[in-house]
Each structure stands twice: as structure tokens, then as C-alpha cells.
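Dear colleague,

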Amino acid sequence: MRIVIAGGHGQIALRLERLLAARGYEVAGIIRKAEQGDDLRAAGAEPVVLDLESASVDEVAERLRGADAAVFAAGAGPGSGVTRKDTVDKGAAVLFADAAIRAGVRRFVVVSSMGANPAHRGDEVFDVYLRAKGEADAYVQGLDSLDWTILRPGALTDDAGTGLVRLEARTGRGPVPRDDVAAALAELLETPATSGLTLELISGSAPVSVAVKAVAGN
């Protein structure tokens, strides 16, 4: 199984790449800078250099061709301004979804954000971010050609993962280690029955695999 991850050098993406590679998957990560490649190789992933802010749908689709699943984990980052929230958090997500359809990749997992809402109000950078993520999520949710799952983690931390989470349509706010977000993404990728679900994730009391099986109806 080949999985292509957009935003391959992100903190969650690198963790996910390690997990998937350890499970025997063929993993590729899309990155903007060639110098990030060594970090991906160390995680067991193939680096693919491509700027999702300037690439065409066809260019992205070419990188996705032959993949069994795609994960959108790209983000403009906390230090970026309003413009890049629109070009990356929304624009690149829409582009990646369209490219997945063109490449014939049905399984599509999105790393979103708790509070993402296309109707979110406000003009501060974080307001624009939540609106952009919400607009991207709404776009993906409207695509019948994708077997999509959207994951909205709570406040991300660098604490060591516990493997214990709460995963539901609505969890309420709370923190969650990036380790546990990556673990949840790996399980979601392996659980097609979560297609069509938009889920929130915070730390909790259920092992990740149990939590994913529960939302999948197993």
C-alpha cells in the first residue's frame, strides 16, 4: 500500500511517516524544500519536492498516481500571515483533493483543526485559519469521488503519546499529543469504514485502535 502525505515535513506528518513505514507501507511525503528530504528519509519516507502553492492539479496528480491513499497534513504554520492561510490551509487542500480524484486515489484523510468552520467570524490570523480550514473541510465533504475522513485534533502538544484518546464527532476542547494524532491517522487509514466521518480528537481513556473501531461501528 502506497500512501502520499502532503506537508510531509510537518511535525505530525513525520511521526505518521515513521509509523506507516514501520508497518511496512510505502510512504511518500510532499515537501517544498529539497533540504528537508533527509528528515523524511530518516523517517522511512520518500521525499517528493513540490510546492502546493504554485503547482497545477496535473502536477500534483502525477505525484499521486499509483497511491492507495492520500493524507493532507500541510499547513501554513503558526508564523504565517493571513494570505497563506488561504493559499495553503484552504487552497492547497482543495488542490490536493482535486488531484487525488484526477489520479484515481479514493481514500483521502485530512488533518484539520478543532473549531474549523467556514462560517467562523473574525479577522485575526487564527480566525482566518479556522475559516480556511472549515472551507477546505466543506469542499472535501462535498466530494463523492473521495472516501474521505476528516480528523480535527484539539490543542497539539509535544508530550509523549499515551495511546489513549477520545475520538468522537464532538469531544469538546482539550489537548492531545502529536504522537497520538499520528497514531489515530494511521488507524484511520487502515479503517475504510470511517469514510464520510468528521471526527474530533483529544486525549482520553480509550486505546487508539479501540476508539477508531468504535467510530467505525465495529
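The largest cavity has a volume of about 40 Å³. Please bear in mind that this is a predicted model.

Which residues line the largest cavity? The lining consists of F72, D89, A93, V110, K133, A136, D137 and V140. Helix 4 and helix 5, the latter spanning residues 125-141, are the elements that give two or more residues to this lining. Helix 5 supplies the largest share, with four residues. By class, the lining of the largest cavity comprises five nonpolar, no polar and three charged residues.

Helix 4 and helix 5 meet at an angle of about 10°, and their axes lie 8 Å apart. As angles under 35 degrees count as roughly parallel, helix 4 and helix 5 are therefore roughly parallel to each other. The crossing of helix 4 with helix 5 is right-handed. On the side of helix 4, the contact involves V82, K85, D89, K90, A93, V94, A97 and D98; helix 5 contributes V125, V128, Y129, A132, K133, E135, A136, Y139 and V140. This contact has 11 nonpolar, no polar and six charged residues. D89 and A93 of helix 4 belong to this contact and also to the lining of the largest cavity.

Turning to the open spaces, the largest pocket has a volume of about 1200 Å³. Its lining is made up of 42 residues, and those nearest the centre of the pocket are A73, A74, G75, A76 and G77. The elements that give two or more residues to the pocket lining are helix 1 (11-22), strand 2 (26-31), helix 4, helix 5 and strand 7 (155-157). Here the largest share, five residues, comes from helix 4. The lining of the largest pocket divides into 20 nonpolar, 12 polar and 10 charged residues.

Helix 4 has a further partner. Helix 3 (residues 57-64) packs against helix 4 (residues 82-103) at an angle of about 60°, with 8 Å between their axes. Helix 3 and helix 4 are therefore oblique to each other, and they pass in a right-handed crossing. The residues that meet are V57, D58, V60, A61 and L64 of helix 3 and L95, F96, D98, A99, A100, R102 and A103 of helix 4. They comprise nine nonpolar, no polar and three charged residues.

A183, A184, E187 and L188 of helix 6 contact V208, S209 and V212 of helix 7. The residues of this contact fall into five nonpolar, one polar and one charged.

Yours sincerely

Note on methods: Residues numbered from 1 in each chain as written. Predicted model: local features only at pLDDT ≥ 70, side-chain atom pairs only at ≥ 80, totals over all residues. Heavy atoms only, no water. Axes fitted to C-alpha atoms, helices over the stretch in contact; angles between N-to-C directions. Parallel < 35°, antiparallel > 145°, perpendicular 65-115°, else oblique. Left-handed = near helix turned anticlockwise from the far one by under 90°. Contact = heavy atoms within 4.5 Å. Nonpolar A, V, L, I, M, F, W, Y, C, P; charged D, E, K, R; others polar. 1 Å grid on protein atoms, 1.4 Å probe; cavity = no way out; pocket = protein on both sides within 12 Å on 5 of 7 lines; lining within 4 Å. Points joined across faces, edges and corners; volume = space filled by probe spheres on them.
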